[in-house]
Amino acid sequence: MAQRPTRRVFYGSLVHATSLRHIQACPRALIGVSDDGVIDWVLDDVDSASIQDAMLSKGWQIEDVDFIELGFGQWIMPGFVDTHTRHRKHAPQYPNMGIGGQYELLDWLKNVTFPTEAAFEDVEFAKKAYTSVVERVLDCGKCNMDRNASETYQESSPAQSLADTETIISYIGSLEDPLVQPILTPRFAIACCDDLLAGLGTIASQHPDMAIQTHISENPSEIAFTGELFPDCDTYAHVYDRFGLLREKTILAHGVHLKDSELDLIKSRNAGISHCPTSNFNLRSGIANVADMLDRGIKVGLGTDVSGGYSPSILTAIQHASIASKILAFQASSPPDSSSSSFSQKQLPLSALLYLATQGGADLCGLSSVIGTITPGKQFDAILVDVTKGGVEGIWVEQEVGEELGIQNKARLLEMLEKFLFCGDSRNIRTVWVKVMKKIKGW
């Protein structure tokens with residue numbers, strides 16, 4: 001039997017956000033992906049009669065590749081990047097997703113989340129729950145927490161927490177899989193004593209390329225309690241900075257109530273914010289001023305924050321990020337300056353929303369040059385969207401004359417993109433590729 005070609009060429013519509021203000025929409029793109037899952041070349045306007053000539057110009061022949069042609073209502077776009085849910089810290093919260101909305105953060109942790117997480121001490125329950133979670137998300141890791149939770153659930157000592165952290169770092173390294181990387185996860189400052197935070201800072205210094213994730217300034221009561229626990233620190237952000245945990249590839253979830261001095265510090269350390277609007281609404285935490293963060297040049301991505309957020313879909317996060325920006329816009333004390341290029345006091349444009357969900361998340365996770373756009377040299381981390389089949393009733397797309405083989409113009413493509421982002425769901429995602437050969441779903 002002949003070996004199946006490993007190089008792939010995709011022909012059809014391509015959409016990606018190349019900046020916060022620009023979406024590149026190519027109705028007739030030709031994408032060449034090498035056998036190692038890296039995008040080799042992209043041609044953005046190729047008519048069907050010129051496909052073979054275009055491929056030959058790149059030294060590729062159509063008979064030597066797996067050629068995939070997209071149809072009407074379909075396009076390739078970068079995979080979404082969820083910067084706050086797919087890890088050890090939130091996987092145990094899937095069983096209580098969608099409940100507890102009557103509480104704010106600290107009461108929600110006490111009455112809903114900590115009891116649910118404690119149930120994972122039952123190995124059979126844990127196996128059942130994690131099997132369900134892993135079917136939806138990729139998970140590997142642990143979080144650090146040695147105080148201010150149930151004594152039967154929190155870790156017994158800083159030393160034990162740090163030893164377990166070193167063990168899992170070593171184990172993940174032994175996998176030798178570039179798609180699975182360790183990440184340091186102090187749950188939040190309230191849950192970690194000084195010795196534990198100091199120890200995590202030491203581990204971080206020994207692994208300068210490792211990502212760090214935690215929470216910051218989500219809720220006023222949380223901020224006040226943090227101040228009581230760390231009286232020598234001026235602000236919440238200074239707690240993490242004091243222990244060497246605020247740096248590039250530090251992912252700070254929420255950031256709803258950050259002070260100007262904290263935003264300046266986060267920017268100076270090249271850390272960033274995971275914007276979790278669904279959770280911020282659901283737990284009545286407030287609205288993070290993402291527009292101001294973007295104007296300051298702070299990296300921002302989107303997070304679903306299950307189960308503080310009640311949906312595991314980044315599409316929901318996109319929709320709620322849009323609503324959050326509109327609320328801040330109409331609450332502004334003065335009308336926005338239409339001549340200004342700033343984002344402040346304005347609703348986030350479609351380009352910014354798409355960027356936050358893709359390249360923004362990649363930037364935040366230290367993967368700027370690896371994923372986030374469909375660009376030569378990056379991995380083919382992508383999804384195939386189809387708004388014509390298997391989706392929800394909210395997407396209504398009428399096929400026009402000449403569109404049998406694809407979307408014919410950029411305006412039409414952008415219209416379908418907006419419908420997908422605001423009316424679509426996972427049923428509209430036909431295929432998910434990770435480095436092209438690791439196909440998660442679909443064809």
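## Helix packing, cores and selected residues

Helix α4 passes helix α5 in a right-handed crossing. This crossing belongs to a predicted model of a protein that contains 14 helices and 13 strands. Of the 443 residues of the protein, 51% count as buried, and among contacts between residues at least 6 apart in sequence, 72% join residues at least 24 apart.

- For α4 and α5 (residues 194-206), the angle is about 25° and the axes lie 9 Å apart.
- Angles under 35 degrees count as roughly parallel, and α4 and α5 are therefore roughly parallel to each other.
- On the α4 side, the residues that meet the partner helix are P158, S161, L162, T165, E166 and I169, while on the α5 side they are D195, L196, G199, L200, I203 and Q206.
- Sorted by class, the contact of α4 with α5 consists of six nonpolar, four polar and two charged residues.

**The pair α12 and α14**

- Helix α12 (residues 350-357) and helix α14 (residues 410-423) have axes that come within 12 Å of each other and cross at roughly 60°.
- The helices α12 and α14 are therefore oblique to each other, and their crossing is left-handed.
- The contact is made by L350, L353 and L354 from α12, together with L414, L417, E418, L421 and F422 from α14.
- By class, this contact of α12 with α14 has seven nonpolar residues, no polar residues and one charged residue.

**The nonpolar cores**

- In soluble globular proteins, nonpolar side chains tend to be buried together.
- The largest nonpolar core in this model has 77 residues, and the members that touch the most other members are W75, Y240 and F420.
- Helix α12 supplies the largest share of this core, namely six residues.
- Apart from this core lies another one, of 15 residues, which includes I31, A382, L384 and W433.
- Leaving aside residues up to four places away in sequence, Y240 touches F188, A189, T214, H215, I216, L245, L246 and L252.

- T278 has its place in helix α9 (residues 277-282), and at 2% relative accessibility T278 counts as buried, because the limit for buried is under 20% relative accessible area.
- The residues that T278 touches, not counting residues up to four places away in sequence, are G309, Y310, T316, A317 and H320.
- L413 is found in helix α14, and with 0% relative accessibility L413 also counts as buried.
- Although L413 and C26 are 387 residues apart along the chain, their C-alpha atoms are separated by 8.1 Å.

**An exposed glycine in a loop**

- G377 lies in the loop between α13 (359-364) and β11 (382-386), and G377 is exposed, with a relative accessible area of 52%, because exposed means over 50%.
- The C-alpha atoms of G377 and W41 are separated by 8.1 Å, although these two residues are 336 residues apart along the chain.
- Not counting residues up to four places away in sequence, G377 touches V38, I39 and S369.

- Most residues other than glycine have a negative phi.
- N148 is not a glycine, and yet N148 has a positive phi of about 60°.
- N148 is found in the loop between α3 (123-134) and α4 (158-175), where N148 is partly exposed, with a relative accessible area of 37%.
- K249 is another residue other than glycine with a positive phi, in this case near 75°, and K249 has its place in the loop between α7 (236-242) and β8 (250-254).

Definitions and conventions
Residues numbered from 1 in each chain as written. Predicted model: local features only at pLDDT ≥ 70, side-chain atom pairs only at ≥ 80, totals over all residues. Heavy atoms only, no water. Axes fitted to C-alpha atoms, helices over the stretch in contact; angles between N-to-C directions. Helix = DSSP H or I, 4+ residues; strand = E, 2+ residues; numbered from the N terminus. Parallel < 35°, antiparallel > 145°, perpendicular 65-115°, else oblique. Left-handed = near helix turned anticlockwise from the far one by under 90°. Contact = heavy atoms within 4.5 Å. Nonpolar A, V, L, I, M, F, W, Y, C, P; charged D, E, K, R; others polar. Core = buried A, V, L, I, M, F, W, Y, C linked by side-chain atoms within 4.5 Å. Buried < 20%, exposed > 50% of the residue type's maximum accessible area, 1.4 Å probe, protein only.
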